[in-house]
Amino acid sequence: MSSSTAILMALALPLVGAIGIALAARIGSNVREAVTLLTASALAWTVWGLLPELMAGGRPSAGLVEVLPGIEIAFRVEPLGMLFAALASMLWIINSIYSIGYMRGNRESHQTRFYIFFAIALSATMGIAFADNLFTLFLFYELLTLSTYPLVSHKGDAKTVQSARTYLGILLTTSIGLLLPAIIWTYFVAGTGTFTPGGILDGKLEGPAVGLLLGLFVFGIGKAAVMPVHRWLPAAMVAPTPVSALLHAVAVVKAGVFTVTKVIVYIFGIDFLFAEPSGGWLLYATAFTVIAASVVALRQSNLKRMLAYSTIGQLSFVLMAAAILKPLAEIGAAVHMVAHAFGKITLFFAAGAIYTASKKTEIFQLRGIGRRMPWTMTAFTIGALSMIGVPPTGGFVSKWYILAGAFQAENYVAIATIVLSTALNAAYFLPIIYLAWFAQEDSTLSNEHGEAPFAAVLALTLTAALTLAFFFFNGTLLILEGQIVQGTP
Amino acid sequence: MIDWSVHLPALQVIVPMLSAPFALLLRPRGLAWAAAVAASLFAFAIAVMLTLGVLDGRNFEYQMGNWPAPYGIELGVDAFSALVLLVITGASSLALLAGRRSLDADIEEDRQPLFYAAWLLALAGLVGIPVAADAFNIFVFMEISSLASYVLIAGGPDRRALPAVFKYLIMGTIGATFYLIGIGLIYLMTGTLNLADMELRIHEVADQKPILVAAGFITIGLALKAAVFPLHVWLPNAYTYAPNAVTVFLAACATKVSLYLLLRFDFLVFQPNLIGHDVQFSYFLMPLAVLAILIASLVALFEKNLKRLFAYSSVAQIGYILLGASLVSVAGLTASVVHIFNHALAKGALFLAIACLATRYSSLRLENLAGAARRMPWTMGAFVLAGFSLVGVPGTAGFISKWYLMTAALDHGSVGVVLVMAIVISSLIALAYVWRVIEAAYFGEPKGAASGGEAPVGILAVTWIAALANLYYGLAPSLPVTLASTAAESLLRHVP
């Protein structure tokens, strides 16, 4: 299979899978789940098959159609996109296993619709990852928003509908109101929107306009959840947990930070932006979001909402790393996307497992739950430690790189933010770990439950293992992402 | 072998025109509708063949009864008219296919043959205007289409349509009269009614006052018929109270035909002959276009009735078409002509979706539509897609025209930047008013007991065809873009 076929396959497979799921659902739910798993595996196999070519410095590409002169739908795999696609496709397999356990364990309705839109969302994610220009990226960005809407509003009751409204409203208005003008502006100024190493705006734009364009991009890409466009993310927590886990800890939010990073690296160019003072606000805006979101997380009593605010903080952490604009920090940003994905999906899986087994959603209800659900809470602990950045977890690796980049840039705002956010992360995760393992059970609650369904436990064990493994095995990733800053075309 | 294709321009008009009295004779229920659909689809097929011929580089010229041009009636089809013909016949066919049930419900059985005959006459008049090559026949076709469309609008059970149509009749007649006065003056000075002859002959008398007056009368008269802001006041009520299928048909093409004629007169007849015409044209229409874009969008934002909301949106969209033309450049005119096509797609699909809603909801006020998406997910899906096209989201047809329009505007330096800002602002307002509908339909709490679910399959299928066409022409726009750029170059052949 040639690599350009592989790219188009990666886009088409989930869509074919979606049709397959719809057809298979008529035969039976087991067949339907088999189709989901099969599609997810085929997708991961296809995407990972592109990796050797990338490692060798190749940049496989595929063009689809030229809509207008200069505007085309085209795809090209580069290190950042490869990382994102590989991550999402791999976690989709695990997440599907988890979904089966969760959706059946909670007897959710409309399961077929759920799996169909999940597959479509994955296709959109692949499109975002491989997009070669801003136009293509925008199309798949909107497709991702629209295809996740039915997932967020899955329950269909009044409260869910209100949250889904916030979700759709913020993501659509920011993308059409800010991101689209930014893209059109870029096309007019630079004559192209193709992602090019070193950027395309150097010499085309200067002064405050750079800062303004950056602002349109950063806030237009609402999926990156930089305050004040973060409110959709806590709202999205009304979705079933597998959606929160894969989409709102990995695919959707990472699509946001990934897009911003890609714009900084390939549209503005690191050196151009570093030399332009009007873009400097990004560091402060993201640093503020990191701290503010952590403080809000500290005050949450609902476990999923706390995780959502933690996600907002971590996303801005990635963006802040990118905004340091030094090679080591850019690598750190990419690595942190992966580390955070493994850790946060584990945490969400654990939260969902707790809910499935015991219907508990609040943090204070978790006293002593570690003894009833040892597997789940072990995984939760590993995920939480990774969020704080304690070795031997993946979170340590990325923090190390980002700190190194911050010192390289002598950026003391960034250093102080990293230190403070680590402390805050510890402050809201450690009490939960303590409660779960060492506190006495609250006898007023019904506590007659064991572990969650096997499929769910299997999935969260796998992701916890990945969180640990990432600490030891990250060489490939570092080499790959090193290519971004070495200027390999 | 005889080449039948030379007769296509004549058949384009003759088929619907002769089908009209035929439809009148078909008394049994449903037959008149079937005849109208058949004639409309046949006309559409002819328009497609004409378009294919034009794309091959052919220019159709036809002399009725082989009488040479100044004496006989001449017909002609080029890229611009082919595009307009596609829009008219396509809109008519889709509206008729979708409208069978709703028209059946709206119109008493014994009046149906009359109604469909009027529809076919309207169609014949509308296609006659782009096909005809002389100013007087154009006037005749214009009157046929206007009179027939008054009947169509007033044909429904809604009594409020009567004052609306009366206003339309008065304003439309004033517009047509102005046009007639204009061509009368030109005939007086040049002795010809043939557009091609006028193009050559006005030159000799260009410095005479009557020609200037004629240019003014014709431009204003056609602007009135095209609902150019602030001459749009007849449009919103006429669209709102017309039967739903009629709204689909007229919203997609009625004003476009007048715009077609306006551009044709101003660029081909007056431009080569009047000194400084392009500058006057531009200075006169550009401010009106910008005002239309902004003010009509704002009015739409606060409108509560769904049909009237999108009627005001049409006024704003006409502003886009004029704005492109007022730039007097190939890029600008391409944007205009492309938008004639794309707006017909978007607005046609939107009004089709509204017709779907109307099959289940008696009142089309926003508050009444709360929670509609839960009852009619497919209808609202098509609505969202078409709404995106209206806003100009990439991937839909609307984006293509906005893109051309912005590119064209930016060629004009600082004025261009202001224009681009106006376009962006009005697109955001469009997003806001489309969002209001989405908000009500998706997030509102349904009131009262729900009765019935999704719209009938027939009308829904047609709606989705139109909605998907927005997607198709957003990703593969070569057909409208090719026709439009050919048309733009031909229109600008006299501009220095």
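Biologist: Is A:Lys359 buried or exposed?
Modeller: A:Lys359 sits in the loop between α14 and α15 (369-372) of chain A, where helices (H or I, at least four residues) and strands (E, at least two) are DSSP runs numbered from the N terminus. The count works on C-beta atoms placed from the backbone: 20 or more others within 10 Å of a residue's own makes it buried, 12 or fewer makes it exposed, and anything in between is partly exposed. A:Lys359 has 12 C-beta neighbours inside 10 Å, so the label is exposed.

Biologist: What pLDDT do local features need here?
Modeller: On labels, residues are numbered from 1 along each chain as its sequence is written, with chains lettered from A and ligands numbered from 1 in the order in which they are written. The score pLDDT is the predictor's confidence in each residue, from 0 to 100. This is a predicted model, where totals for chains, interfaces and linings use all residues, side-chain atom pairs count only at pLDDT 80 or more, and local features need a pLDDT of at least 70.

Biologist: Which element of chain A has the lowest mean pLDDT?
Modeller: Chain A has a mean pLDDT of 86, with 98% of its residues at 70 or more. Where pLDDT is low, the predicted coordinates should not be read in detail. Among the elements of chain A, α12 (residues 281-298) has the highest mean at 91, and the lowest, 77, belongs to helix α20 (residues 475-486).

Biologist: And what ipTM does the model score?
Modeller: Chain B averages a pLDDT of 88, and 98% of its residues score at least 70. For the model, pTM is 0.85 and ipTM is 0.77.

Biologist: What is the radius of gyration of chain A?
Modeller: Chain A has 20 helices and two strands. For its 489 residues the globule rule gives 23 Å; that rule is 2.2 Å times the number of residues to the power 0.38, and the radius is taken over C-alpha atoms. Chain A comes close to that figure, so it is as compact as a globular protein of that length, with a radius of gyration of 21 Å.

Biologist: What share of the residues of chain B count as buried?
Modeller: Chain B has 19 helices and two strands. Its radius of gyration is 22 Å, close to the 23 Å from the globule rule for 496 residues, so chain B is as compact as a globular protein of that length. Of those 496 residues, the buried share is 59%.

Biologist: Which element gives the largest share of the side of chain A that touches chain B?
Modeller: A contact here means C-beta atoms, placed from the backbone, within 7 Å, and 16 residues of chain A are in contact with 16 of chain B. On the chain A side, the elements giving two or more residues are β1 (61-68), α6 (134-152) and α7 (158-190). The largest share, nine residues, comes from α7(A).

Biologist: How many nonpolar residues are on that side of chain A?
Modeller: Ala, Val, Leu, Ile, Met, Phe, Trp, Tyr, Cys and Pro count as nonpolar, Asp, Glu, Lys and Arg as charged, and the others, Gly among them, as polar. The side of chain A that touches chain B has two charged and two polar residues, and its nonpolar residues number twelve.

Biologist: How far apart are B:Ala82 and B:Val54, C-alpha to C-alpha?
Modeller: B:Ala82 lies in helix α3 (residues 79-106) of chain B and is buried, with 25 other C-beta atoms within 10 Å. Beyond four places in sequence, B:Ala82 touches residues including B:Leu50, B:Val54 and B:Leu483. B:Ala82 and B:Val54 are 28 residues apart in sequence, but their separation in space is 7.4 Å.

Biologist: Which residue joins B:Pro230 through a cis peptide bond?
Modeller: Most residues other than glycine have a negative phi, and most peptide bonds are trans. B:Pro230 lies in the loop between α8 (209-225) and α9 (235-241) of chain B, the loop that also holds B:Ala227, whose phi is positive, near 60°. The cis bond has an omega of about 5° and links B:Pro230 to B:Phe229.

Technical notes:
Contact = placed C-beta atoms within 7 Å.
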